[in-house]
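We will go stop by stop, and each stop tells you what to pick and what to look for.

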Amino acid sequence: MKPSSNEITRPIQRRSFLGGIAAGIATAATPLRVHASASNDEVRIAILGAGGKGSQLASYFAKASGAKVVMVADPDFQRAEKTAALYQAKAVKDLRKALDSPDVDAVVIATCDHWHCLAAIWALEAGKDVYVEKPLGHNQWEGRQVVRAAAKHGQIVQLGTQQRSDPMQSQIREFLHQEKALGDIQYVQANRLGLRGPVGKRTSPLPFPKDVDQELWFGPAAIQPIYRNQLQYDWHWDWNTGTGEMGNWGVHILDDVRNVAYQDSQDLPDRITVGGGRVGWNDAGQTPNVHFALLETKTFPTMIALSNLPTRPKEKSAWAINTASSPDAWPPNAPGSGYVIACEGGFFLGQRGNGQAVDHDGKVIRKFHVDANMITLHVENFIAAVQERDSSILNAPIENGHFSTGWCNLANVAFRAGGAFSQEELTSQAEVPEWNRLVNGMTSHLTEYGVDAKALKSCPTLAHDANTETFTGANSNEANRFLRREYRHGYEIKST
Ligand SMILES: NC(=O)c1ccc[n+]([C@@H]2O[C@H](COP(=O)([O-])OP(=O)(O)OC[C@H]3O[C@@H](n4cnc5c(N)ncnc54)[C@H](O)[C@@H]3O)[C@@H](O)[C@H]2O)c1
């Protein structure tokens, strides 16, 4: 960002990376520019991670007014070079080069999940603003450290949950809560019923691609042999680097639910009950391809159902869910990728970019759609906040993103802490009839695959304390182990 006339400087302890890393953690007293009002300044962006999302975001930042892509970092250097060439930007392997560069004002983190928080914290220590992709935390503890670091360093941090910038959302909130057009909310059924396939199961480890820097790619994660067929993208399905479908699509959908149904009044769920498994496939992936969770709050409950399996083996259509008390009562167009808010007077059906309210006979009461590109709006919102030095105008401020990510992280923890499947245990502690119907639906869906429910795992209800961000009570010791990870030497996240 070019210095502006009304810029003031103050000396801070600013961390230097590449020089500093070799010598441990070095700090240097460097003047950091503090922008009283910098609205005419161009924000110079480094894209960290040049895969599918990073290269897409580079194109959005490049065309946004007030921003310029100046650097692209990826240990898969061909990817960095390819994206950088499109914007006459500099390509680097090591993201710390971007953090050390005085020519970079803000970073866009679109790496694999396991790098999000460390990259964000390093960037904040280096005086950069941060746009970080979802999920914020690969585990819940590290997300909280980012929230603290953002406050400590006074920087702008936005999560890449672009649906927060869709103007449609405030219209839906108005309709549901101020107009109370459908009456009280009874429960929410969130779904991501989207097909995926197995990732392969090699008998010998995947040779690490020679053009990718292995040390940098794994970063904070353990360097482990990989038995799937490809390195990139399918890291999502390995707990070492990814967070499964729950941390992938789950974050978008549960973020919408927190926003639209709860109006952000519920930070994290109070009770979590989970079942799921990786079934029907024989591959090297670890995260569940069928995952269902009951997330109870002080008001109405939310259930989420994820399945990557089609209706029946070899079919192309995704499975559908009905949690209504009678089969006819469920709306016919319930989204397979979205959520249903069941209300006294009908249903609200929400999905990315669209929503509609229907009555109990399925008659459409109102449709919602705003003809706008939500990624453009989300990127512009971040740039405006950076230029104005005003976090309060962010549409997806980082603590909110930490909470939405948390609904998913806690559902993942419950899965990982779970044991042998017990339908009785799953349903007996939860007094939510729709949950019982969901569990029955999930298990009968699997019989089409010849999968016995015993192939699944389940976790009896866990209680969670939002103040300490830990589980309490029965089974909490086992669950709390998964709230944080072991970091590889040189890539540790410290408590902030
Ligand atoms: N907001 C959305 O709608 C949306 C959509 C897709 C993906 N995402 C998120 O974006 C992230 C990236 O997903 P993707 O689909 O692009 O995956 P991808 O596998 O295509 O790309 C990830 C890239 O990160 C790189 N990387 C790994 N370590 C790095 C490091 N130290 N520095 C820089 N780059 C590093 C990898 O080499 C790879 O090129 C994920 O966290 C995903 O959840 C968000």
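## Stop 1: The ligand shell

Start with the residues around the ligand: domain 1 (7–164) and domain 2 (167–371 + 398–483) each give at least three residues to this shell. Keep in mind that this is a predicted model.

Now select the ligand's surroundings. The shell holds 28 residues, and the nearest are Gly-49, Gly-51, Lys-53, Asp-76 and Glu-133. Which elements give two or more residues to the shell? They are H2 and helix H8 (214–218). H2 gives the most, with 3 residues.

Colour the shell by class.

## Stop 2: Two domains

Zoom out and colour the two parts of the chain. Domain 1 covers 7–164, and domain 2 covers 167–371 + 398–483. Their centres, taken over C-alpha atoms, are 29 Å apart. The contact between them takes 31 residues from domain 1 and 35 residues from domain 2.

Look at the domain 1 side of this contact. H3, helix H6 (140–153) and E8 each supply at least two residues there. Which element has the largest share? H6 does, with 7 residues. By class, this side of domain 1 divides into 13 nonpolar, 11 polar and 7 charged residues.

## Stop 3: The parallel sheet

Next, show the strands E3 to E8 as a cartoon. Six strands make an open sheet in the order E5-E4-E3-E6-E7-E8, with parallel pairing. Find the edges: strand E5 (90–92) and strand E8 (157–159) each pair on one side only. Turn the view along the sheet. Neighbouring strands are turned by 20° against each other on average, direction ignored.

Select residues 43–48 and 67–73. These are strand E3 and strand E4, which pair in the parallel sense over 6 bridges. Pick Arg-44, and look for Lys-68 of E4 opposite. Then pick Ala-46, whose bridge partner in E4 is Met-71. How many of the residues of E4 are buried? The count is 6 of 7, so E4 is mostly covered.

Select residues 52–63 to see helix H2, which lies across E3, E4 and strand E6 (106–109). H2 runs at about 155° to E4. Then select residues 77–86, which form helix H3. H3 packs on the sheet and touches E3, E4 and E5. Its direction makes about 170° with that of E5.

## Stop 4: One buried leucine

Select Leu-118. You are now in helix H5 (residues 116–125). Is Leu-118 buried or exposed? Leu-118 is buried, because 23 other C-beta atoms lie within 10 Å, and the cut-off for buried is 20 or more.

Show the contacts of Leu-118, leaving aside neighbours within four places in sequence. They are Gly-219, Pro-220, Tyr-491 and Ile-493. Next, draw a distance from Leu-118 to Gln-145. These two are 27 residues apart along the chain, and their C-alpha atoms are separated by 9.4 Å.

## Stop 5

Move on to residues 346–351, which form strand E14. All 6 of the 6 residues are buried, so E14 is largely enclosed by the rest of the structure. In a regular strand, side chains alternate between the two faces of the sheet. Check both faces here. Gly-346, Phe-348 and Gly-350 are on one side, and Phe-347, Leu-349 and Gln-351 are on the other. Both faces of E14 are covered.

E13 and E14 form a hairpin with 2 residues between them.

E14 and E15 run antiparallel and are joined by 5 bridges. They also form a hairpin with 2 residues between them. Pick Gly-353 in that turn, which has a positive phi of about 85°.

Finish on Leu-349. In E15, the bridge partner of Leu-349 is Gln-356.

Definitions and conventions
Residues numbered from 1 in each chain as written. Predicted model: local features only at pLDDT ≥ 70, side-chain atom pairs only at ≥ 80, totals over all residues. Helix = DSSP H or I, 4+ residues; strand = E, 2+ residues; numbered from the N terminus. Buried ≥ 20, exposed ≤ 12 C-beta atoms within 10 Å, placed from the backbone. Contact = placed C-beta atoms within 7 Å. Pairing = 2+ DSSP bridges. Axes fitted to C-alpha atoms, helices over the stretch in contact; angles between N-to-C directions. Near = placed C-beta within 6 Å. Domains from an automatic or database assignment. Nonpolar A, V, L, I, M, F, W, Y, C, P; charged D, E, K, R; others polar.
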